[in-house]
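This report describes one protein chain. The sequence and model are shown first, and the description follows.

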Amino acid sequence: MSTGAVLMLIVAILIVWGGLVASIVHLRRHPDLGPPDRD
């Protein structure tokens, strides 16, 4: 693989995993409480 292809692969992996980590951190700080209970 060429250097450019390896760099693009690394960038793509960082974007995907970075988004996953960011979403987990966001849900940890602001948990989804779900729909309100109707009594």
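Does Leu-14 count as buried or exposed? Leu-14 counts as exposed, because its relative accessibility is 59%, where buried means under 20% relative accessible area, exposed over 50%, and partly exposed in between (1.4 Å probe, protein chains only). The model is predicted: local features need pLDDT of at least 70, side-chain atom pairs count only at pLDDT 80 or more, and totals for chains, interfaces and linings use all residues. Residues are numbered from 1 along each chain as its sequence is written, and side-chain values use heavy atoms, with hydrogens and water left out.

Leu-14 lies in helix α1, residues 3-29; helices (H or I, at least four residues) and strands (E, at least two) are DSSP runs, numbered from the N terminus. Between Leu-14 and Arg-28 there are 21 Å, C-alpha to C-alpha, at a sequence separation of 14 residues.

UniProt, in an unreviewed entry, places a "transmembrane region" at residues 6-27; its positions are in the numbering used here, feature names are shortened, and annotations may be inferred rather than shown by experiment. Residues 6-27 are 100% helix and 0% strand, with end C-alpha atoms 32 Å apart.

Values for the protein chain are as follows.

| Property | Value |
|---|---|
| C-alpha trace along principal axes | about 60 × 15 × 5 Å |
| Buried residues | 0% of 39 residues |
| Accessible surface | about 4,000 Å² |

Carbon and sulfur atoms account for 69% of that accessible surface, computed by the Shrake-Rupley method with a 1.4 Å probe; for residues, only the protein chains shown count as cover.
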